[in-house]
Amino acid sequence: MANEAFVVLAYAVALIFAGGLAYRVWQYATTPVPLKIPTTPAPVTRAGAAARMLREVALFESLFRSNKWTWLFGWVFHVSLALVVLRHLRYVLEPVPLLVQLIQPLGVLAGFTMVGALLALWARRLLVPRVRVISGPSDHLMLALLVAIGASGLAMTYVARTDIVAVKAFWLGLVHVDWQPLPTDPALLVHLGLVAVLALIFPFSKLLHGVGVWFSPSRNQADDARERRHTSPAGLAPAVREG
Amino acid sequence: MAGDDNIIDRANGDPLECPALAPGVMASSKPYVAAPAHQEALGFPGQLVEGWQEKAIARLGELLESSRALRVYLDSCVKCGACTDKCQFFLGSGDPNNMPVARQDLLRKVYRRYFTLAGKLTPSLVGAEDLTEQVLEEWFSYFHQCSQCRRCSLFCPYGIDTAEISMAARDIMDTIGKGQKYSNEIIGKVFKIGNNLGLPPKALKATLQGLEEEIEEETGVAVRLPLDEPGAEILLVTPSADFFASPHMEGLIGYAKVLHESGISWTFSSHASEAANFGMFIGSTDNMRNVALRIRKAAEDLGVKRLVFGECGHAWRVAYNFLDTLAGPFDFLDPKYPRPQHICEFTWDLIKAGRLTFDKSKNDQIRLTFHDSCNVARASRMGDEPGGQFEIPRAILRATCNHFYDMAPETIRESTLCCGGGGGLLTDELMDVRIKGAQPRMRALRAVADEHGVTHMAAICAICKAQFSKILPKYGFDMEAIVSVHQMVSNAIVLSGSRTGDASDEDDAPDGEHDGGPAAQKEGSGDE
């Protein structure tokens, strides 16, 4: 009975996460951009703008310019999270891809650096007065959520080992619609429950910045207003719009 | 008097020093509310309308549908704090609501309350708030303490631009009848008379004639400042402050001398005797378009081939980035030249081609620095390369002046600080904000004055010039320490006719310029 609930829950969360994300992407993509507003100096070609976007997403270029500590903790957290997520693919893919096998040691290490960086970011949020005043309950709760996910994950390896073979069977069962029982040890349930919460709020909270950054006109536009006329229904004169 | 001494003391210190938080110290700073006549001339209700809450929320909904930037920026902020110490109005005042993220949150909390699931279900958890009268007052206060300079946007990991948010908030306030007097009254004057100052064509004509006489008296050369001359090659559109204020007018004389030397015919337009477009400040695309369309009409009516803009920061942003979208296509202009072109690009092209002669010693009494104006620095470009907006004005200054020293690197170029008066703040009732917002720039200037004996600061923005004329004395500098870039050009330029023994290829008004000549082609920067 409990296992059927887990199965339903897993499908529901996946559906809401993917559907919510798709909806937000669609919403951003279909909202017009009335004017050219790249923050300059900006690349003058579209390829250049794409490179700027990639640097921004991969290296947090602007944050580096702004504040080295926030950059360090923020970048380490995100890279660690990416490694941890990649590492987790071994629990849902059979056979395990070579890349996922190769990053396994890094992924294990990343579990610790992720939690460490999160705690450092949280400390900053609590200790720097001007960051403290802009932090609301949800900002702290999201950090708490991420720390708890990381800590419960580490606990499954280092405190109370989970039957990971059974867990993988559960996930593969979901993928192949051949449902298997999920082990019910507390660390695993806490870990998966919190991940479910994270996935549910992701499309509808500030966590969406991971999608939003790609759509930020000040970053993704090329500085080519004089070379290439920018047209958008919202910016054009009514006569031109209708003509 | 004691207050003024206090301000002078504030000119000493690290320009970017983060102040202690002083919650609410700027809450009482508010601009005058626009009178019904000022509102209605722009198509806004005369005063706060019945049911303004619903109307404001509906307007926010419309803006969210029409601007991806607004939607993405309201959603994406993670409160990382990267922007918190970047706004000059925060650095100068310590009021946490002047931290860009907090300023954005004034609108974001309303967005969350009415447009997001979490804000509807658990408002206190996600900082969502009802739009109350108190929130509206906060908007009116703090969205008029943002000069839309985009400094925060430079440092934000998502490029969130508080300018876009304050524009949206001002648009919402206009839509419900609570506009800002300064900006709206000025836009009304543009529609009615043709420029921000309300200078009628006759007075403009007289001013230009007076300037022609002045230049001839001084140089012995008949440099023209033509108005409404059909068939001219170039339409020069310049902020109307250039027609009467100082140091703007000295810059205007500089443009005229350069254009004279180029041999290319040009004209001002009384219909578009204003480069500024305050429609941008109030975030109203419709008003911005209507103001922009005047320039298109003037260019078409006069049959010009080129469009050149004078020294004005936000006007250059609108011209460079928005004009083609709002009022284009400008296919009737000569595609060999940038459409539009900045006067600094025009002058620099002539200098590069060796067509201007300077006596730099004429500026030897001046030890100069350069204030990058925010809308030029972070919202536009000059020349063909990114960052040309920093290099070209400096190259002009170095060509015309022997003593040039930049301010601290973290306060110039793309990291430049606002003068404190941009974005519709250049009005007396906001003087406290303007003084505080100028503090980081005044500190950077104090440092180069102490270190290098810098006496003057050049700028390419009418608002910067007007703001600094007022603010410099308060920080213990000379009011005339602010100069126009083309004022330096004007001081140093050697006009062809005034030189003895030089070829007499230049005698009077360049009238027979039908082809613009090979000279004109040589100096175009085009798209090479």
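**Chain A, chain B and what lies between them**

Among contacts in chain A between residues at least 6 apart in sequence, 71% join residues at least 24 apart; a contact here means that two C-beta atoms, placed from the backbone, lie within 7 Å. The model is a predicted one, so local features need pLDDT of at least 70 and side-chain atom pairs count only at pLDDT 80 or more, while totals for chains, interfaces and linings use all residues. Residues are numbered from 1 along each chain as its sequence is written, with chains lettered from A and ligands numbered from 1 in the order in which they are written.

Chain A comes out with 13 helices and 0 strands, where helices (H or I, at least four residues) and strands (E, at least two) are DSSP runs numbered from the N terminus. Its C-alpha trace spans about 65 × 45 × 40 Å along the principal axes. Of its 243 residues, 29% count as buried. Buried means that 20 or more other C-beta atoms lie within 10 Å of a residue's own, exposed means 12 or fewer, and partly exposed is in between, with C-beta atoms placed from the backbone.

Where chain A meets chain B, the contact takes 56 residues from chain A and 59 residues from chain B. On the chain A side, at least two residues each come from α3 (61-66), α4 (68-88), α7 (129-132), α8 (137-158), α11 (209-212) and α12 (217-220). The largest share, 4 residues, belongs to α3(A). Sorted by class, this side of chain A has 27 nonpolar, 19 polar and 10 charged residues. For this sorting, Ala, Val, Leu, Ile, Met, Phe, Trp, Tyr, Cys and Pro count as nonpolar, Asp, Glu, Lys and Arg as charged, and the others, Gly among them, as polar.

Turning to chain B, the domain assignment gives domain 1 (13-185) and domain 2 (194-405 + 454-523); such bounds come from an automatic or database domain assignment. The C-alpha centres of the two domains of chain B lie 34 Å apart. Between them, 13 residues of domain 1 of chain B are in contact with 9 residues of domain 2 of chain B. On the domain 1 side, α9 (151-155), α10 (162-175) and α11 (181-193) of chain B each supply at least two residues, and α10(B) gives the largest share, with 5 residues. That side of domain 1 of chain B divides into 5 nonpolar, 3 polar and 5 charged residues.

Chain B also holds an open sheet of 4 strands in the order β2-β1-β3-β4, with parallel pairing; two strands pair if DSSP finds at least two bridges between them. The edges are β2 (266-267) and β4 (341-342) of chain B, each of which pairs on one side only. Strand β1 (residues 234-237) of chain B pairs with β3 (residues 306-309) of chain B over 4 bridges, in the parallel sense. Within that pair, Leu235(B) stands opposite Leu307(B) and Val237(B) opposite Phe309(B). β1(B) and β2(B) also run parallel and are joined by 2 bridges, with Trp266(B) in β2(B) as the bridge partner of Ile234(B). From β1(B), Ile234(B) and Leu236(B) point one way and Leu235(B) and Val237(B) the other, and all are buried. Together with helix α13 (residues 248-262) of chain B, β1(B) and β2(B) make a right-handed β-α-β unit. Right-handed means that, with the strands pointing away from the viewer, the path from the first strand over the helix to the second runs clockwise.

The largest nonpolar core has 174 residues, of which Leu235(B), Ala292(B), Phe309(B), Leu397(B) and Ala458(B) touch the most other members. A nonpolar core is a set of buried Ala, Val, Leu, Ile, Met, Phe, Trp, Tyr and Cys residues joined through C-beta atoms within 7 Å. Helix α15 (residues 313-327) of chain B contributes the largest share of this core, 9 residues, and at least three residues come from each of domain 1 and domain 2 of chain B. Ala292(B) touches residues including Val318(B), Phe322(B) and Leu323(B), leaving aside those up to four places away in sequence. A second, separate core of 13 residues includes Phe73(A), Leu83(A), Ala117(A) and Leu146(A).

Pro409(B) sits in the loop between α18 (388-400) and α19 (431-452) of chain B. Pro409(B) is exposed because 8 other C-beta atoms lie within 10 Å.
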